[in-house]
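Morning, everyone. Please look at the sequence and the structure on the screen while I talk.

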Amino acid sequence: MNSTNCVLIGFMGSGKSTIARALHKANSALILDSDSMIENNENLSIKEIFAHYGETYFRDLESKFCTFVAQNVRNAIISTGGGMPMFCDVKVMGRVFFLHLEFEEILERLSAEETAKRPLFQDKDSAFKLYQERLKTYQNSAHYTINANQSIQMITQEILEKLCI
């Protein structure tokens, strides 16, 4: 990987964490998962942060993460929370890849346990509306749009090829 970060964006369940791990296996770059780092720093789950402090507080934490990465991190794989591009300029962190997957395909991928961990996915109709609202921002925030409805190996290879451009 060159001297920039690989930033993965997309809706909840689009495969950002899975692809980050696959990219790590392919090139040993450090993975920074914004949700995991925020959970560790706050000693609370994302669901608990939303419940105790609200979405505005969480988005402020995401913004601080984005600023930190932009100023301090190079040659890493950044897996973002699904809403981060709505509230932060993710392009400042590196080369941005939108993992695009249709909403119905996301529903097929997520187990009940995974859905329960996602505060904004508790109501499927609301989640679909949110998906539609975010789609254009994802497209506009990305340097590249990747079809995430293919094998992990194919997605990883496509991203690695684009990182070497």
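I'll go through the sheet, then the helices, then the salt bridges.

Some ground rules come before that. This is a predicted model, where local features need pLDDT of at least 70, side-chain atom pairs count only at pLDDT 80 or more, and totals for chains, interfaces and linings use all residues. Residues are numbered from 1 along each chain as its sequence is written, and side-chain values use heavy atoms, with hydrogens and water left out.

Two labels will come up a lot. H and E numbers are DSSP runs counted from the N terminus: helices are H or I runs of at least four residues, and strands are E runs of at least two.

Now the sheet. In what order do the strands of the open sheet stand? The order is E2-E3-E1-E4-E5, 5 strands with parallel pairing. Two strands count as paired if DSSP finds at least two bridges between them. Look at the edges. Strand E2, residues 30-33, and strand E5, residues 144-147, each have a single partner strand, so one side of each is left without a neighbour in the sheet. From one strand to the next, the twist averages 25°. Angles here run from 0 to 180 degrees between N-to-C directions, and axes are lines fitted to C-alpha atoms, for helices over the stretch in contact.

Take the pairs one by one. Strand E1, residues 6-9, pairs with strand E3, residues 76-79, in the parallel sense over 3 bridges. Leu8 has Ser79 in E3 as its bridge partner. E1 also runs parallel to E4, joined by 4 bridges. There, Cys6 stands opposite Arg95 in E4. E4 and E5 pair in the parallel sense too, over 4 bridges. Leu99 has its bridge partner in E5, and that partner is Ile146.

Stay with E4 for a moment. Is E4 mostly covered or mostly open? It is mostly covered, with 6 of its 6 residues buried. Buried means under 20% relative accessible area, exposed means over 50%, and partly exposed is in between, using a 1.4 Å probe and protein chains only. In a regular strand the side chains alternate between the two faces of the sheet. In E4, Arg95, Phe97 and Leu99 are buried on one side, and Val96, Phe98 and His100 are buried on the other.

Contact means heavy atoms within 4.5 Å. Helix H8, residues 124-141, lies across E1 and E4 and runs at about 145° to E4.

H1 also meets another helix. Two packed helices are described by the angle between their axes and the distance between the axes. For helix H1, residues 16-27, and helix H9, residues 152-163, the angle is about 65° and the axes are 10 Å apart. Which residues of H1 and H9 meet? From H1 come Thr18, Ile19, Ala22, Leu23, Ala26 and Asn27, and from H9 come Ile152, Ile155, Thr156, Ile159 and Leu160. That contact divides into 8 nonpolar, 3 polar and no charged residues.

Last topic: salt bridges. A salt bridge here is a side-chain nitrogen of Lys or Arg within 4 Å of a carboxyl oxygen of Asp or Glu. How many does the count come to? The count is 3.

Start with Arg59 and Glu55, which meet at 3.0 Å, N to O. Both lie in helix H4, residues 55-72, 4 residues apart, about one turn of the helix. Arg59 is buried at 7% relative accessible area, while Glu55 is partly exposed at 31%. Arg59 has another partner. Glu62 forms a salt bridge with Arg59, with the closest N and O atoms 2.8 Å apart. Glu62 and Arg59 are 3 residues apart in H4, about one helical turn. Both are buried.

Then comes Lys64 with Asp60, at 3.3 Å between the closest N and O atoms. These two also lie in H4, 4 residues apart. Lys64 is exposed at 53% relative accessible area, and Asp60 is partly exposed at 35%. Through shared partners, salt bridges join Glu55, Arg59 and Glu62 into one network.

Technical notes
Nonpolar A, V, L, I, M, F, W, Y, C, P; charged D, E, K, R; others polar.
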